[in-house]
Amino acid sequence: MSAARQQAPTQAPTPAPVGPDDVTDLVGFLRSVDLTTAGLDAPTVRLWVDRDARGRITGSTGYELSPDGAHALVRSVAVAPSARRAGYGTALARHALAAAAAEGARRAWLFSRRSGGFWRTLGFVPADRDAMAAALDATHQVRLFTATGQLAHEVAWSRPLP
């Protein structure tokens with residue numbers, strides 16, 4: 001990885017859709033940044049990764065759609081520590097939001113206990129966790145969090161999509 005890429009990306013990310021050959025690397029990357037890895041193979045999940053010149057994942061982004069397609073649960077937005085603080089995470093999050101909107105989603109939701117300030121910069125506001133769970137009850141992540149009791153400890157965020 002170049003020194004410039006280690007400090008911060010100097011160009012916009014070029015996320016590529018996650019294919020079968022990417023899943024193992026993505027799981028390892030998401031675990032390294034303490035994000036949920038369950039359900040990445042669900043048919044309603046769309047994921048992208050960005051890699052450095054050596055092929056290592058430096059960022060990821062994605063979402064999971066509700067069955068009616070009106071709601072998107074943003075997930076797996078992460079940036080390697082060496083690539084933070086240059087708008088890279090914002091660009092990755094915007095990629096997922098634009099893709100969800102293009103697919104017909106009208107509202108984006110997410111869980112975040114640690115990164116509320118970041119999500120506020122993208123127009124997210126605190127949301128009712130139960131309303132989120134109702135809108136996205138068929139998504140893998142909401143089902144998992146409900147079944148394990150983790151839902152009660154999560155902080156929900158939401159924003160409309162254009």
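Visitor: Before anything else, what do buried, exposed and partly exposed mean here?
Guide: Buried means under 20% relative accessible area, exposed means over 50%, and partly exposed lies in between, with a 1.4 Å probe and protein chains only.

Visitor: And what kind of model is this?
Guide: It is a predicted model, where local features need pLDDT of at least 70 and side-chain atom pairs count only at pLDDT 80 or more, while totals for chains, interfaces and linings use all residues. Residues are numbered from 1 along each chain as its sequence is written, and side-chain values use heavy atoms, with hydrogens and water left out.

Visitor: OK, Glu154. Buried or exposed?
Guide: Glu154 counts as buried because its relative accessibility is 4%.

Visitor: Where does Glu154 lie?
Guide: In the loop between helix 6 and strand 8 (156–160). Helices (H or I, at least four residues) and strands (E, at least two) are DSSP runs, numbered from the N terminus.

Visitor: Which residues is Glu154 in contact with?
Guide: Contact means heavy atoms within 4.5 Å. With neighbours within four places in sequence left aside, Glu154 is in contact with Phe111, Ser112, Arg113, Arg129 and Phe145.

Visitor: Phe145 is in helix 6, then. Which residues there are buried?
Guide: Gln141, Val142 and Phe145 are buried in helix 6. Viewed down the helix axis, the buried residues of helix 6 fall within an arc of 100°, so they line one face. The arc is that of the directions from the helix axis to the C-beta atoms.

Visitor: What do the buried residues of helix 6 pack against?
Guide: They pack against strand 3, strand 4, strand 6 and helix 5 (129–135).

Visitor: What follows helix 6?
Guide: Gly149, with a positive phi near 85°.

Visitor: Switching to strand 3. How many of its residues are buried?
Guide: Nine of nine: strand 3 spans residues 57–65 and is mostly covered.

Visitor: How many bridges join strand 2 to strand 3?
Guide: Seven, with strand 2 (residues 45–51) running antiparallel to strand 3. Two strands are said to pair if DSSP finds at least two bridges between them. Within this pairing, Val45 stands opposite Glu64, and Trp48 has Thr61 as its bridge partner.

Visitor: What about the hairpin of strand 2 and strand 3: which residue takes a positive phi?
Guide: Gly55, with phi near 90°; the hairpin has five residues between the strands.

Visitor: And the hairpin of strand 3 and strand 4? How many residues lie between the strands?
Guide: Five, and Gly69 takes a positive phi near 75° in that hairpin. Strand 4 (residues 71–74) pairs with strand 3 in the antiparallel sense over three bridges. Tyr63 stands opposite Val74 there.

Visitor: How do strand 3 and strand 5 pair?
Guide: In the antiparallel sense, over two bridges, with strand 5 covering residues 78–79.

Visitor: Next, helix 2. Which residues are buried?
Guide: Leu26, Val27, Phe29 and Leu30, in a helix of residues 23–32. Down the axis of helix 2 these fall within an arc of 165°, so they line one face.

Visitor: What is exposed on the other side of helix 2?
Guide: Thr24, Arg31 and Ser32.

Visitor: What covers the buried residues of helix 2?
Guide: The cover includes strand 2, strand 3 and strand 5.

Visitor: What follows helix 2?
Guide: Asp34, whose phi is positive, near 60°.

Visitor: Last one, Gly123. Where does it lie?
Guide: Gly123 sits in the loop between helix 4 and strand 7 (125–127). Its relative accessibility is 41%, so Gly123 counts as partly exposed.

Visitor: What does Gly123 touch?
Guide: Ser158 and Arg159, when residues up to four places away in sequence are not counted.

Visitor: How far apart are Gly123 and Trp157?
Guide: They are 34 residues apart in sequence and, C-alpha to C-alpha, 9.6 Å apart in space.
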